[in-house]
Amino acid sequence: MADQLLSTATHHHTLPENYVRPESQRPRLTQVITDASIPIIDLGSPDKAQIISRIGQACQSYGFFQVVNHGIDTELMVKMMTTGLEFFRLPSEEKAKLYSDDPSKKIRLSTSFNVKKELVHNWRDYLRLHCYPLEEYVPGWPSNPSSFKEVVSTYCQQVRGLGFRLLGAISLSLGLEEDFIERALGEQEQHMAINYYPKCPEPELTYGLPAHTDPNALTVLLQDSDVAGLQVLRDGKWMAVDPKPSALVINIGDQLQALSNGRYNSVWHRAVVNSNKERMSVASFLCPCNNVIISPPEELVSEGSPATYRRYTYDEYYKKFWSRNLDGEHCLELFKREKAF
């Protein structure tokens, strides 16, 4: 099945039929807002109260923000992207060793999103890795390119540290103890998707990834510095999130929307593709422990603001998320308290 990979396919002059979206589902690229004022938060600022306030405002109004002076070395970020690109340029027989259509596999190379269930595919290949605890998973990671394990494991460790710093700030912005969210999520798993979007002959007809929210708690995205592709929905309009030098994009996942009792938004976002250039991105996901119960704290629940979602385990949520099409209704809708189960 590895012959489905776009990164090893012959060059397409037209888009294959099984990638063409129906007219009503196409990205309408000419309507995308390209000059939006997107929150950029300087984590190196000495004014910690302002950082926390700005993060809270961004989580509430946008569901995402960008961070600079975040502590992850720029050279490491460049190496991470370079190493990922080298992997996708490997010969097809090398990549075939890791190919799988099974979403439950901890280490797998695949294409689109869920090729077993989709009617229309997405213009993307990706390498999905579980990253915590590193010593458990790194032995199974690719050995080619030779730098892969060292570069990716170093990046994973630094992203995890940044993620916990941000969860602390988000907790404080909600009026909770700094370590509340970290404790509530249990011994957090960490996943990574190294995404490769080849040049696409007809980008207006398809997606790299269609509109979706992330099922996890927090996502840290390293964007291609040269090629835009991430777009975020706000007030019913799509905004392009252009790459900023050395910045990382942070977005709120479904579990933080549930934990915050709906105060913070798990943002709808999508990836579009480009006819002139290939594009890379690296998405790192902090995920709750599988058996942890997701439920908002008492401080965020009141008579005037009752719990929006029923109690559930992350394992229950994650299985439901992967059992559906990516661009279906918001998975959290299935967990609202007023729904009958």
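Q: How do strands E8 and E9 pair?
A: Strand E8 (residues 230–234) and strand E9 (residues 237–240) are antiparallel and share 4 bridges. Strands here are DSSP runs of E with at least two residues, helices are runs of H or I with at least four, and both are numbered from the N terminus. Two strands count as paired if DSSP finds at least two bridges between them.

Q: What is this model based on, and how are residues numbered?
A: This is a predicted model, in which local features need pLDDT of at least 70 and side-chain atom pairs count only at pLDDT 80 or more, while totals for chains, interfaces and linings use all residues. Residues are numbered from 1 along each chain as its sequence is written, and side-chain values use heavy atoms, with hydrogens and water left out.

Q: Back to E8 and E9. What do they form, and how many residues are between them?
A: They form a hairpin with 2 residues between the strands. Asp235, in the turn, has a positive phi of about 50 degrees.

Q: Which residue is the bridge partner of Leu233?
A: Trp238 in E9.

Q: What is the strand order in the open sheet of 8 strands?
A: The order is E1-E2-E10-E7-E12-E5-E4-E3, and the pairing is mixed. Strand E1 (40–42) and strand E3 (107–111) are the edge strands, each pairing on one side only. On average, neighbouring strands of this sheet are turned by 25 degrees against each other, direction ignored. For such angles, axes are lines fitted to C-alpha atoms (for helices over the stretch in contact), and angles run from 0 to 180 degrees between N-to-C directions.

Q: How many bridges join E7 to E12?
A: Strand E7 (residues 218–223) and strand E12 (residues 279–287) are joined by 6 bridges and run antiparallel. Leu218 stands opposite Leu286 in E12.

Q: Where is Gln66, and is it buried or exposed?
A: Gln66 is in strand E2 (residues 64–68). Gln66 counts as buried, because its relative accessibility is 2%. Buried means under 20% relative accessible area, exposed means over 50%, and partly exposed is in between, using a 1.4 Å probe and protein chains only.

Q: What does Gln66 touch?
A: Leaving out residues up to four places away in sequence, its contacts include Ile38, Pro39, Ile40, Ile41, Val241 and Asp242. Contact means heavy atoms within 4.5 Å.

Q: New topic. How many residues does helix H1 have, and how far does it reach?
A: Helix H1 (residues 48–61) has 14 residues and reaches 20 Å from its first C-alpha to its last, close to the 20 Å expected at 1.5 Å a residue. The expected span is 1.5 Å times one less than the number of residues.

Q: Which residues of H1 are buried?
A: Ile51, Ile55, Gly56, Ala58 and Cys59. Seen down the axis of H1, these buried residues fall within an arc of 165 degrees, so they line one face of the helix. The arc is that of the directions from the helix axis to the C-beta atoms.

Q: What covers the buried residues of H1?
A: The cover includes E1, E2, helix H5 (148–173) and strand E10 (248–252).

Q: And what follows H1?
A: Gly63 follows H1, with a positive phi near 85 degrees.

Q: Which residues other than glycine have a positive phi?
A: Arg28, at about 45 degrees, is one of them, and Asn69, near 50 degrees, is another. Arg28 is in the segment before E1 and is partly exposed at 37% relative accessibility. Asn69 lies in the loop between E2 and helix H2 (74–88) and is exposed, with a relative accessible area of 53%.

Q: How many disulfides are there?
A: The count is 0, where a disulfide is a pair of cysteine sulfur atoms within 2.5 Å.

Q: Where are the cis peptide bonds?
A: One runs from Tyr132 to Pro133, with omega near -5 degrees, and another from Asn144 to Pro145, with omega near 5 degrees. Pro133 is in the loop between strand E4 (125–130) and helix H4 (134–137), and Pro145 is in the loop between H4 and H5.
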